Amino acid sequence: MDKNFQEEFTQIIKFQPPLYKQRHQFVKDLVEKYKPKKVADLGCADCSLLWMLKFCSCIEVLAGLDICANVMKEKMHTLSPLPVDYLQPSERSLTVTLHHGSVAHKDPCMLGFDLVTCIELIEHLEESELKKFPEVVFGFMAPSIVVISTPNSEFNPLLPGVLLYRHPDHKFEWSQAEFQSWALETARCYNYSVEFTGVGHPPTGMEKVGFCTQIGVFVRKYPQTGESLQSEKPTEAVYKTVFKAVYPSLKDEKYLQNAVISEVMFTAQIIKHRLMSKHKEYSDDPERKSKFQLSMNCFSDYLGKLVVEKNMEPFVSGNEVYVPLTTIFSFPKVNRLCGTFEKLCKLIAGKVTLSSDGSAVMFNTEHENEEN
């Protein structure tokens with residue numbers, strides 16, 4: 001759990017990247033492979049793994065749990081949305097929550113997760129906690145995938161300065177055989193399969209020592225039924241929530257509306273600018289002016305080859321410029337944001353100046369002409 005303490009013993013081996021980064025990358029690779037929507041990190045400590053995972057586009061719910069609230073509180077600000085998250089909301093929703101509590105206790109807030117990670121956690125557990133751990137994680141939480149990493153004691157002789165354990169808070173460190181025996185029995189009891197791997201390769205010629213960090217990846221064999229979930233669910237929460245952040249998302253209509261209005265006005269301004277440039281070019285030449293409407297058939301050349309039908313053509317009338325909503329809706333980003341033309345009309349209603357029949361965005365250029 002304390003990566004700095006562990007890394008000082010591995011400087012001579014010189015793992016590149018450092019072991020904690022390799023462990024985090026291993027989890028990230030699993031996320032990219034299985035695309036879980038809800039991920040919980042048990043023993044999250046300084047929240048560095050959660051911070052990395054918040055950038056994974058498939059994840060919509062992140063939760064962290066640790067017995068030490070102070071460690072979480074020192075770094076939990078890194079999980080808060082940034083100003084850019086509000087300026088450019090993501091298309092996905094994301095909620096990040098941190099809980100203070102023990103992995104030996106059951107709490108309903110930890111139900112329904114797809115992936116649960118326990119990175120360098122179990123070796124910190126007291127014997128009584130370790131006995132309860134499988135039932136809490138595999139029996140009660142019962143996620144689709146569980147990842148557990150723990151030190152491989154057979155590697156310790158290669159680490160200078162390690163006399164017994166790698167960290168003073170470790171209650172035990174298992175050999176490969178001990179970890180695999182515990183993992184296989186746990187998997188058998190709770191209907192999981194388990195595969196073993198690790199990070200931190202041993203020196204050449206010492207492959208039998210195994211990885212410095214050994215990892216078990218547990219995959220649930222059968223989906224959990226609603227009845228089993230209901231029977232296991234406790235009536236009271238035991239964890240204390242110390243942090244919660246809800247990221248701005250286009251799934252929230254408030255943020256979606258702002259994004260649509262911004263994109264509509266941006267698109268309409270571009271079309272207006274192109275139209276006014278053309279209009280000015282032809283306005284002083286009667287012969288060329290008569291060809292102005294015909295030139296609008298080629299208006300798509302100015303708009304990224306957009307195909308514009310006659311009833312979608314923007315036009316100038318006196319000091320007013322009209323840009324049909326159908327034209328704006330044809331732009332890919334506006335179309336993707338709204339989905340339907342009806343949705344576009346609903347989102348901009350009362351927020352954008354429209355023509356009397358509501359079919360076009362309207363600009364009054366009188367003041368612009370005075371300034372010019």
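The protein has 15 helices and 11 strands, taken as DSSP runs (H or I of at least four residues for helices, E of at least two for strands) and numbered from the N terminus. The model is predicted: local features need pLDDT of at least 70, side-chain atom pairs count only at pLDDT 80 or more, and totals for chains, interfaces and linings use all residues. Residues are numbered from 1 along each chain as its sequence is written, and side-chain values use heavy atoms, with hydrogens and water left out.

Of the 372 residues, 45% count as buried, that is, under 20% relative accessible area with a 1.4 Å probe, protein chains only.

The largest nonpolar core holds 38 residues. Such a core is a set of buried Ala, Val, Leu, Ile, Met, Phe, Trp, Tyr and Cys residues joined through side-chain atoms within 4.5 Å. Val-31, Leu-53, Ile-59, Leu-98, Val-147 and Phe-243 touch the most other members. Helix α2 gives the most to this core, with 5 residues. Leaving aside residues up to four places away in sequence, Phe-243 touches Met-76, Leu-79, Ser-80, Val-96, Thr-97 and Leu-98, where contact means heavy atoms within 4.5 Å. Another core, of 32 residues, lies apart; Cys-118, Phe-138, Phe-140 and Trp-182 are among them.

An open, antiparallel sheet is formed by 3 strands in the order β9-β10-β11; strands pair if DSSP finds at least two bridges between them. β9 (315–317) and β11 (360–364) each have a single partner strand, so one side of each is left without a neighbour in the sheet. Strand β10 (residues 320–324) is joined to β11 by 5 bridges. Tyr-322 stands opposite Met-362 in β11.

Technical notes: Buried means under 20% relative accessible area, exposed over 50%, partly exposed in between (1.4 Å probe, protein chains only).
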